[in-house]
Amino acid sequence: MSRRVRIALLGPALLGLGALFAWAVAGLPAFGDYRGPYGDLLNKVVVPLRHTTNVVMGTTFDVRGIDTMGEEFILYAAIVGVTLLLRDESGRRQVERRTRRLATDSVRLVGVVMVGGGLLVGLWLIAFGYITPGGGFQGGVLTAGAILLLYVVGSHRDYRPFRNEHVLDPLEGLGAGGYVVVGLAALASGSAFLTNLFGFGTPGKLLSGGSIAVLNWASAIAVTVAMLLLFAEFLETYVTPLEPKDAGS
Amino acid sequence: MSYLPYAVAAWICLVGIAGIATSRNLIHLAVCLTVTQSSSYVLLLSVGYVKHGVAPIFKGTKLGTPAVDPVVQALTLTDIVVSVAVVALILALALDAHRLSGKVDPDGLADVSG
């Protein structure tokens, strides 16, 4: 389809979609007029039953824990896809990169402070994810982002441990597999898959939520390492661009 | 009594689709897809909003305070993860396409084979 035809079709299509949207929205309750029973129900029962004060994380890792396992594997599958697409084994070059330094010390200083701050906030978001706002997914992305900043303000050499697949791959397995193991442990103890096993602890304390805390850390590891693997694959392609195979033509 | 957040979600979605259809750069296309997908975050969070409700986190808030729906918030989290996964794949494909053809315009890829 040529570009002109596509844009000519786009107008009516968007108008039609907009009309459908308007129709759908007209049937919704007004903003703020919440009617569904599930949200209210969860807000009532999750804290007394699971002792996690963050109901969103209680929902994510307990009430719909199996969905979250699927979600973790969506991310996992995407990383595998990206790796397969970008990794070019034939043209793999292990060239030692020359060390690149940022020009100004002030930029590096601010960057290093941001690495520390980002790591701290990331780990706090993970550790207290089921108590205060946060969680393994959000904290994991922030932690990986803070580590990537090390690449920006430092050198290839500083960042090298964080793109080493011999370290990252087992950790990714630990994160993704750990989630499943918690589920299977419940199965082995005679309950349903992913039944919350451990003691629930005191609401609002770090020792609360039972399995939720473990699942939270498993997904945090999986997400952090998944992001680092993504960065590593893109950096490898971007920093050491592979020559087009038919560069001569 | 307002439908404004729903209208915002619809607008973000339509603008994103228009961007995808008219895009001349695969990276730009990936960003437009992210925009389209973020309309679903706005929609999900709007649907779960309770008037004067607090966040569904009961640390320092008394249990029983009207709070917004935690289900849609958890779904939004899933949504964001899927979005990240899809964007990563599209960017990887864009890099591959550029490596094979030297082009980033999706219209220019029609005559590339393999």
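**Reading helix packing, core and interface in a predicted model**

Author: In this predicted model, helix α4 (residues 65-86) of chain A packs against helix α8 (residues 165-188) of chain A at an angle of about 160°, and their axes are 10 Å apart.

Reader: Why is α4(A) described as roughly antiparallel to α8(A)?

Author: Two packed helices are described by the angle between their axes and the distance between the axes. Angles over 145 degrees count as roughly antiparallel, and the angle here is about 160°, so α4(A) is roughly antiparallel to α8(A). The crossing of α4(A) past α8(A) is left-handed.

Reader: Which residues make the contact of α4(A) with α8(A)?

Author: From α4(A) come M69(A), E72(A), F73(A) and Y76(A). The partners on α8(A) are A176(A), Y179(A), V180(A) and G183(A). Sorted by class, this contact has six nonpolar residues, one polar and one charged.

Reader: What is the secondary structure of chain A?

Author: Chain A has nine helices and zero strands. Along the sequence, the pattern reads α-α-α-α-α-α-α-α-α. Among contacts in chain A with a separation of 6 or more, 69% are between residues 24 or more positions apart.

Reader: How many of the residues of chain A count as buried?

Author: The share is 35% of the 249 residues of chain A.

Reader: Which residues touch the most other members of the largest nonpolar core?

Author: In soluble globular proteins, nonpolar side chains tend to be buried together. In this model, the largest nonpolar core has 69 residues, of which V223(A), A226(A) and A88(B) touch the most other members. Helix α9 (residues 211-239) of chain A provides the largest share of this core, with 15 residues.

Reader: What does A88(B) touch, not counting residues up to four places away in sequence?

Author: A88(B) touches A78(A), V82(A) and L230(A).

Reader: How many residues does each chain bring to the contact between chain A and chain B?

Author: The size of an interface is often given as the accessible area lost when the parts come together. Here the description is by residues: chain B brings 43 residues and chain A brings 46 residues. On the side of chain B that touches chain A, α1 (4-22) and α3 (70-101) of chain B each supply at least two residues. The most comes from α3(B), which gives 16 residues to that side.

Reader: What is the make-up by class of the side of chain B that touches chain A?

Author: That side of chain B has 30 nonpolar, seven polar and six charged residues.

Methods. Residues numbered from 1 in each chain as written. Chains lettered and ligands numbered in written order. Predicted model: local features only at pLDDT ≥ 70, side-chain atom pairs only at ≥ 80, totals over all residues. Contact = placed C-beta atoms within 7 Å. Helix = DSSP H or I, 4+ residues; strand = E, 2+ residues; numbered from the N terminus. Nonpolar A, V, L, I, M, F, W, Y, C, P; charged D, E, K, R; others polar. Axes fitted to C-alpha atoms, helices over the stretch in contact; angles between N-to-C directions. Parallel < 35°, antiparallel > 145°, perpendicular 65-115°, else oblique. Left-handed = near helix turned anticlockwise from the far one by under 90°. Core = buried A, V, L, I, M, F, W, Y, C linked by C-beta atoms within 7 Å. Buried ≥ 20, exposed ≤ 12 C-beta atoms within 10 Å, placed from the backbone.
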